[in-house]
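Dear colleague,

A summary of the findings follows it.

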Amino acid sequence: MLRIETRLGSHIHLPKPSLTSKTINYRMEHGLPLIRFDELDLDWSLLHETFVEVTDLFSKYPELFGLIPEELKELEPSRFLTRETVKAWFEGAKLPPAVVVNEAREGLLENIIHATFKPFLVSYSKTLLSLVNQEQWRRRYCPICGGNPDFAYLDEERGARWLLCSRCDAEWLFQRLQCPHCGTQNQNDLSYFTDDEGIYRLYVCEQCKRYLKAIDLQRTKSEVLLPLERLYTIDMDRQARERGYSPYGKATKP
Ligand SMILES: [Zn+2]
Ligand SMILES: [Zn+2]
């Protein structure tokens, strides 16, 4: 996946930030992410190529991702990955019924769209992140794309907590004592587990039963690549699930 992302990175032409400072201020103040789907300038043929690549990759690891429906492999990507489907995914709405063959597969389809779309959102995020007023935002969703966080870190300077977007890798400042999923600030519901060296933390919330993995940069000795830390800490996901918590990154379906 990372290989696909890196290679694509050089093919995606960086979007020119065409937002005026007035628009940026308005969106920041009203809790609106900087990217709106209709303003994205998407290279659809590159998206469709990526979609085929991602689907191929997923189908090689059914034990990790689940079985890819045959009809998805045979379908023309342009018929599946339509503007309507991607928009629904981007806005966190239900996928159009035409692409959801059955409910159980909806999660898998969302994962495929996520993986396909991520390199594109990452390139936007790189150009736009410096426009975010971090002290002002501090919300539970990403200031760039509106996605949920799936990782966090405590910064080196003052131990402040930053969240990492599951969709575009943007980082944003967030309260240490608040659950980014349900928003509770009730201290009795918030706690964390830590490893022996105190480098990693597993934040958990009793209110919504979600968890969030984090790394403390005040305690790390070498340079850290945050997007990779998600993968290095896969064992923490297992431990969290065993304790009965679900991840933040995705909406859980009962
Ligand atoms: Zn984002
Ligand atoms: Zn919570």
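**Salt bridges and the zinc site**

E242 and R238 form a salt bridge whose closest N and O atoms are 2.8 Å apart; the term denotes a side-chain nitrogen of Lys or Arg within 4 Å of a carboxyl oxygen of Asp or Glu. Both residues belong to helix α11 (residues 234-242), where they are four residues apart, about one turn of the helix. Helices (H or I, at least four residues) and strands (E, at least two) are DSSP runs, numbered from the N terminus. E242 is exposed, with a relative accessible area of 59%, and R238 is partly exposed, at 40%. Here buried means under 20% relative accessible area, exposed over 50%, and partly exposed in between (1.4 Å probe, protein chains only).

Please note that this is a predicted model, in which local features need pLDDT of at least 70, side-chain atom pairs count only at pLDDT 80 or more, and totals for chains, interfaces and linings use all residues. Residues are numbered from 1 along each chain as its sequence is written, chains are lettered from A and ligands numbered from 1 in the order in which they are written, and side-chain values use heavy atoms, with hydrogens and water left out.

The whole structure contains 13 salt bridges. Among them is the pair E39 and R27, with the closest N and O atoms 2.8 Å apart. E39 lies in the loop between α2 (21-29) and α3 (44-60) and R27 in helix α2, so this pair ties together parts that are twelve residues apart in sequence. E39 is partly exposed, at 40% relative accessible area, whereas R27 is buried, at 6%.

R219 also forms a salt bridge with D216, at 3.4 Å between the closest N and O atoms. R219 is partly exposed at 47%, while D216 is buried at 4%.

Turning to the metal site, the zinc ion (ligand 2) is coordinated by the SG atoms of C179, C182, C205 and C208, at 2.2 to 2.4 Å. Donors are N, O and S atoms within 2.8 Å of the metal (3.2 Å for Na, K and Ca); water is not among the atoms, so sites may look incomplete. The donor residues follow the spacing C-x2-C-x22-C-x2-C. C179 lies in the loop between β3 (171-174) and β4 (190-194) and C205 in strand β5 (residues 200-205), so the pair ties together parts that are 26 residues apart in sequence. C179 is buried, at 1% relative accessibility, and C205 is buried, at 0%.

Yours sincerely
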